[in-house]
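Welcome, and please open your viewer. We will go from stop to stop, selecting residues as we go.

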Amino acid sequence: MWTAGLDWDDQLDEELVEKSREWFRELDELCCCIKIPRCLQLNEDIVLTSLHTFSDASQEAYGSVIYARHEYKSGMISTRFIAAKSRVAPLTSVSIPRLELMAAVLGLRLALSVKHALEVPDDNMTFWSDSMNVLYWIRGKSREYKPFVANRIGEVHTSSHPQQWRHVPTKVNPADLVSRGRTVEQLQSDVIWWNGPEFLQDEEPQWPDTNIQIENVRDTELKCQKKTSDKYTTLKSIHNNDLDWRLDPVRYSSVVRLVRVQAYVHRFIDNCRLKQKQRRQGSLSTVEYADVELDIIKNAQREAFSDEYNALMKSKDLPKTSKLLGLQPRIDENGLIRCDGRLENAEFLSFDARYPIILPRKNWVTKLIVKRYHELGKHVSGTNQTFSALSSRFWIISGREEIREYEHECYTCRKKKAKVAEQVMAPLPEIRFKTPLHAFARTAVDFGGPFITVQGRGKRRQKKILMSIYMFSVTRSAFGSSIWIRYGLIS
Ligand SMILES: [Zn+2]
């Protein structure tokens, strides 16, 4: 009624009147037809109590339902309905996988409150969803996704373990009823709703498998949720094979410029293939920049470590002469070779610092990156400081040598360290040689001073001295005399 834009006093049309009458009539029926037993267990010795939460979503609504499952000493198993919760789907259009995720989170919250009330241990909770997407997200890392998914997956990870989430076929998912709606009559006779799916009566090995097959995951949906994507990733695979579109790094002297130009090239290719409305314009986004940067580094790694790369892809041992042997290289989800050090548990460090990207020695891309960090240090940071700044993201083979090499090359540093040029003196004047060699045949005279000197004691003994120097111009030997000035007067 609200979406139809009706006000409090407005007349309802026929259809709405009928629907609401039906709804009120069913409310009355609820009281007499639906009875829920309060007792959750049989009168026997219990071995194990566990909670099973099912969630589901449709375009109209989403919701969850929880069952208590008891195993008894006699081998009996009982399941009882505990609680259910449903919500109508938002009016703004939200994709089904996202709604499924919202349902999963709703179920999680409800399960936590039930767990608290019944004092069931954490490990005895199982969550069921029929959405492969949701299960795939839950097994990933929240930071890889866009905020909507990341926030919810973050919540799921805080309160449950990914292994607790299992797949249930849609046919036997009781929460399906919540998402599609039922009349009271249908609800009353729904066995799955009141007792839970049949498989819960069996032992755990007989429960449905939770093999998450990536091919079952809706491809496009995943791609929209991954942070590094939007329309751009769908086209990314095309670039990877298009070697022709790669710029030659050697023609660039700045890594920032190289990345930016390459990113604009990628965008141009994308835009040529997209419709007018979908084309990207304006300045580069950080995602575009980061993707291209990683792509360039990846390429440099492939060139320098092709054998190692092939070995890693096939999970074989590295070649014995490989320079990466000591670094325990791994290939990450973007195809980059990273070190796998001993910092796995150092959660306070960034992912890049724990698993730095390996950069090859004597490679132009490496040099450009070293240059960038050297310049960020304003040419005054020493080798070690540059090295430590680089280490927060990269591991360069023989890193210090690589940095030192660049420091020797850096034009600004060379200018700064250069010595001042010395004046080349002219040949000595002729007069100094074309004269008789006997002493002081030709002399030059110079004066210096006044100098303050003290003879004897007391202030009155202070004297000023002027100096005259007579110099023999051939050997430059000199003698001097001083003119004494007493109390400022020439004597
Ligand atoms: Zn420099």
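Predicted model: local features only at pLDDT ≥ 70, side-chain atom pairs only at ≥ 80, totals over all residues.

Residues are numbered from 1 along each chain as its sequence is written, and side-chain values use heavy atoms, with hydrogens and water left out.

**Stop one.** Select Glu-18, which sits in helix H1, residues 14-33 (helices are DSSP runs of H or I with at least four residues, numbered from the N terminus). Glu-18 is partly exposed because its relative accessibility is 48% (buried means under 20% relative accessible area, exposed over 50%, partly exposed in between, with a 1.4 Å probe and protein chains only).

**Stop two.** Move to Gln-328, in the loop between helix H12 (306-313) and strand S6 (329-331); strands are DSSP runs of E with at least two residues. Gln-328 is not a glycine, yet its phi is positive, about 50°. With 45% relative accessibility, Gln-328 is partly exposed.

**Stop three.** Next, pick His-379 in the loop between helix H14 (364-376) and helix H15 (383-391). Is His-379 buried or exposed? It is buried, since its relative accessible area is 19%. Its phi is positive too, near 65°, in a residue other than glycine.

**Stop four.** Finish with Cys-410, buried at 3% relative accessibility, and Cys-413, buried at 5%. How many disulfides does a search of the whole structure find? The search finds zero, a disulfide being a pair of cysteine sulfur atoms within 2.5 Å.
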